[in-house]
Amino acid sequence: MKALITGATSGIGRDMAFILAKKGIDLIIASRDTKKMQQIARRLPVNVRTITVDLSKASDCYYLYNEVKNEDIDILINNAGFGAFGPTWEVPLETELNMLDLNVRAVHILTKLFLADFRAKDHGYILNVASSAGFLAGPLMSTYYATKSYVLRLTEAIHEELRQSGSNVKITALCPGHVETGFDKRANVRHSIGGVSSYKVAKAGINGMFRGKVVVLPGVLMKLTYIGEKFLPESLMLKAAYAAQSKKG
């Protein structure tokens, strides 16, 4: 088998690379950081190809696909993404547009392109890394939460379309809560609440993907958040979300 992972130079993506490599799955890893990819590739016990791309650019998304489309990819993991913290009017518009390009457009392009290939051979797995943020609005990280909602709902819809059509292709959304990665630094979060290890999240995501689950919620807290979102009033969830987010500033 062979897997393509975006954003595999740190955190969840990097740990997914090591987990899949232990299973003997060859890898293609894609990110902007050539040096980090090469360092990781040297540590993996499988064949690894690195491709340097900036997936916030649509042209690079198509370039990546064209580079690997003939390599018989079995697994696509859309992991690349970032967030930004602060009141919406204080976050630079260019930052938000870049976030939309990476968190939403890149995921959509790659999902669509590989979905067509996987359906043609009636085999393949797509794992889209969303977030528990996808279940509710996120004051003080409004754009990030909105991007993850897009990824979650797109994945759920495609999952049902595949199921209804009798396809053997599987697509899964991984929805962790706070994870101990470099995400906070890029998002300008200074006082983050405690999180779970990226390895545990990565392992849960990989296992859920192979089991064909539509949504993977690592940890008891995330399952409770999911339940609360369904039964608590929207106004209360917004207040709770703002209180939780404000502690990060």
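Reader: Over how many bridges do S4 and S5 pair, and in which sense?

Author: Two strands count as paired if DSSP finds at least two bridges between them. S4 and S5 pair in the parallel sense, over four bridges. Leu76 stands opposite Ile126 in S5. The labels S and H come from DSSP runs numbered from the N terminus: helices are H or I runs of at least four residues, and strands are E runs of at least two.

Reader: What kind of model is this, and how are residues numbered?

Author: This is a predicted model, in which local features need pLDDT of at least 70 and side-chain atom pairs count only at pLDDT 80 or more, while totals for chains, interfaces and linings use all residues. Residues are numbered from 1 along each chain as its sequence is written, and side-chain values use heavy atoms, with hydrogens and water left out.

Reader: How many helices and strands does the chain have, and in what order do the strands of the open sheet run?

Author: The chain has nine helices and nine strands. Seven strands form an open sheet with parallel pairing, in the order S3-S2-S1-S4-S5-S6-S9. Strand S3 (48-52) and strand S9 (215-216) are the edges, each pairing on one side only.

Reader: Which strands does helix H1 touch?

Author: Contact means heavy atoms within 4.5 Å. Helix H1 (residues 11-22) packs on the sheet and touches strand S1 (2-6), strand S2 (26-31), strand S4 (75-78), strand S5 (125-129) and S6. For directions, axes are lines fitted to C-alpha atoms, for helices over the stretch in contact, and angles run from 0 to 180 degrees between N-to-C directions. The direction of H1 makes about 170° with that of S1.

Reader: Is H1 mostly covered or mostly open?

Author: A residue is buried under 20% relative accessible area, exposed over 50% and partly exposed in between (1.4 Å probe, protein chains only). Ten of the twelve residues of H1 are buried, among them Ile12, Met16, Phe18 and Leu20. Gly24, which follows H1, has a positive phi near 80°. For the chain, buried residues make up 50% of the 249 residues.

Reader: How does one read the length of a helix such as H4?

Author: The expected span is 1.5 Å times one less than the number of residues. The 29 residues of H4 (residues 93-121) should therefore span 42 Å, and the end C-alpha atoms are 41 Å apart, which agrees. H1 reaches 17 Å from its first C-alpha to its last, close to the 16 Å expected.

Reader: Where is the kink in H4 centred?

Author: The bend at a residue is the angle between axes fitted to the seven residues ending there and the seven starting there. H4 has a kink of about 30°, centred on Arg105.

Reader: Which residues other than glycine have a positive phi?

Author: Asp122 and Leu140 are two such cases. Asp122 has a phi of about 55° and is found in the loop between H4 and S5. Asp122 counts as partly exposed because its relative accessibility is 32%. Leu140 has a phi of about 80° and sits in the loop between S5 and H5. Leu140 counts as buried because its relative accessibility is 13%.

Reader: Which residues touch the most other members of the largest nonpolar core?

Author: A nonpolar core is a set of buried Ala, Val, Leu, Ile, Met, Phe, Trp, Tyr and Cys residues joined through side-chain atoms within 4.5 Å. The largest has 46 residues, and Leu4, Leu55, Leu64, Val68, Phe114 and Cys175 touch the most other members. S2, helix H3 (58-68), H4, helix H5 (142-165) and S6 give two or more residues each, with H4 giving the most, nine. Leaving out residues up to four places away in sequence, Phe114 touches Leu4, Tyr65, Val68, Ile73 and Leu76. A second, separate core of 29 residues includes Ala3, Ile40, Val179 and Ile206.

Reader: Which residues of S4 are buried on each face?

Author: Ile75 and Ile77 are buried on one side, and Leu76 and Asn78 on the other. S4 also pairs with S1 in the parallel sense over three bridges, where Ile5 stands opposite Ile77.
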